[in-house]
Amino acid sequence: MPLRITSAPISGVKKRKSPASSRLRASPFSSHARRKATTLGSQSTTASGDACPEDHDHGPLPDLGLSRYIPETALVENVVQALCYVRDHMFENLPARAGMSSTRSAEVLNFRRSLPPLVSVAHVHTLLDAPTKVEKEIMELVNSGRIRRLVVPGRGNDAAGLGDCLVLSEDWERLVRQNNDLEPFIKDKLLRVLNRIGNRSTVPGAAFTASEYMALVRAGFLVSSSFPAQGSLSIASLPSLPSPSVAENPASRSDSAAQPTQMEAINRSQLHSATLFLSLPNTGPYLRLLAAGRAHLLSLLKKSPEIPLDLLRDRWDGAVESEKSFSVAKRARGEFAGVLPGRTKKWKELYGMNFRWVLEEAIGAGLVEIFDTGSVGPGIRCL
């Protein structure tokens, strides 16, 4: 077979091969630096569970005017219904997977149960949104004795204050009857005094003896003015009640019988000039919790000038797991589906306060306002 020899290997003629990249169009993103993809959960979740998806500044939302979302969705028609609604919807139910010990769960439930059934006047105005009609109805109910208006000194009397509250008279009487720290005759006398003073929030100092006054102060149904220059009477200025050992000693019965009379004689002049304010047990913890809820809501809202209401609700709840199908599926696969509610501030410090409840409080206090956007539901902004 003849050997085929050509001149190609030695002629210096070589076929030029173009690289594959020259036959393809360059990508417009080829100049951008690569970075490793990360999951949203690893960026947005913190140890406390309060973080939410990363916030971006989308600019101002469309503003179509103030929204009537709250009064249109509140299922109340009068002041009495509003009081019952606010009283019963302050907290959310304890979730099945709360992430709290049995001791902490009991502490949360006991704290809720101990709070007085107070409702701020501003909250009622938010639900009904008819200022003249609502105020007229409140005055009629107060004058008829159906509700009582409680003024807390030093907490402010304007809408943003915490000192102007309402309570149903039947709830007030129930608290007096169920109190185990008061003697039956003191309970009856207190209820008679309440009926006699009508809609006033102050009680004459001469209405009670020194021992009765001390018992009512300790039970939380009376407080005294904090200004000694005005002749007020404080707990420290009153002598202590006789101890049980003295009362049980037959030899000192005469002394114990004379001691209340001597106390009354010493403090009669002070009681006559004292200004006693009506109160309810645990009013202080209630007002502190309300102030903390307002402050937390504003701190979440100040991260953006104005945001949709649903986004603020997500921030309030925190990055918690839910019972939605995708969250349940993630838990079944052993993936991260959110933190347990007990790790969020909503449950650690606010005892599960309802988002809508604190929102209504903030609107009534003039701290925030909601407006219609026409696209993403109601929007909210600070004032």
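This is a predicted model: local features need pLDDT of at least 70, side-chain atom pairs count only at pLDDT 80 or more; totals for chains, interfaces and linings use all residues.
The strands concerned are β7 and β9, with β9 covering residues 378-382, and they pair in the antiparallel sense over three bridges.

Let me now widen the view to the sheet. It is an open sheet of three strands in the order β7-β9-β8, with antiparallel pairing. At its edges lie β7, residues 306-308, and β8, residues 368-372, each of which pairs on one side only. From one strand to the next, the twist averages 30 degrees.

Next, the helices. Helix α14 packs on this sheet and touches β7, β8 and β9, with its direction at about 105 degrees to that of β9. Helix α15, residues 309-317, also lies across β7, β8 and β9, and runs at about 90 degrees to β7.

Is T283 buried or exposed? Its relative accessible area is 6%, and because buried means under 20%, T283 counts as buried.

What does the side chain of T283 reach? The side chain of T283 reaches the backbone oxygen of L280, at 2.6 Å. Leaving aside residues up to four places away in sequence, T283 touches P116, L118 and V152.

Notes:
Residues are numbered from 1 along each chain as its sequence is written. Side-chain values use heavy atoms; hydrogens and water are left out. Buried means under 20% relative accessible area, exposed over 50%, partly exposed in between (1.4 Å probe, protein chains only). A polar contact is a pair of N or O atoms within 3.5 Å; within protein, one must be able to donate a hydrogen and the other to accept it, and residues adjacent in sequence count only if both atoms are side-chain atoms. Contact means heavy atoms within 4.5 Å. Two strands pair if DSSP finds at least two bridges between them. Helices (H or I, at least four residues) and strands (E, at least two) are DSSP runs, numbered from the N terminus. Axes are lines fitted to C-alpha atoms, for helices over the stretch in contact, and angles run from 0 to 180 degrees between N-to-C directions.
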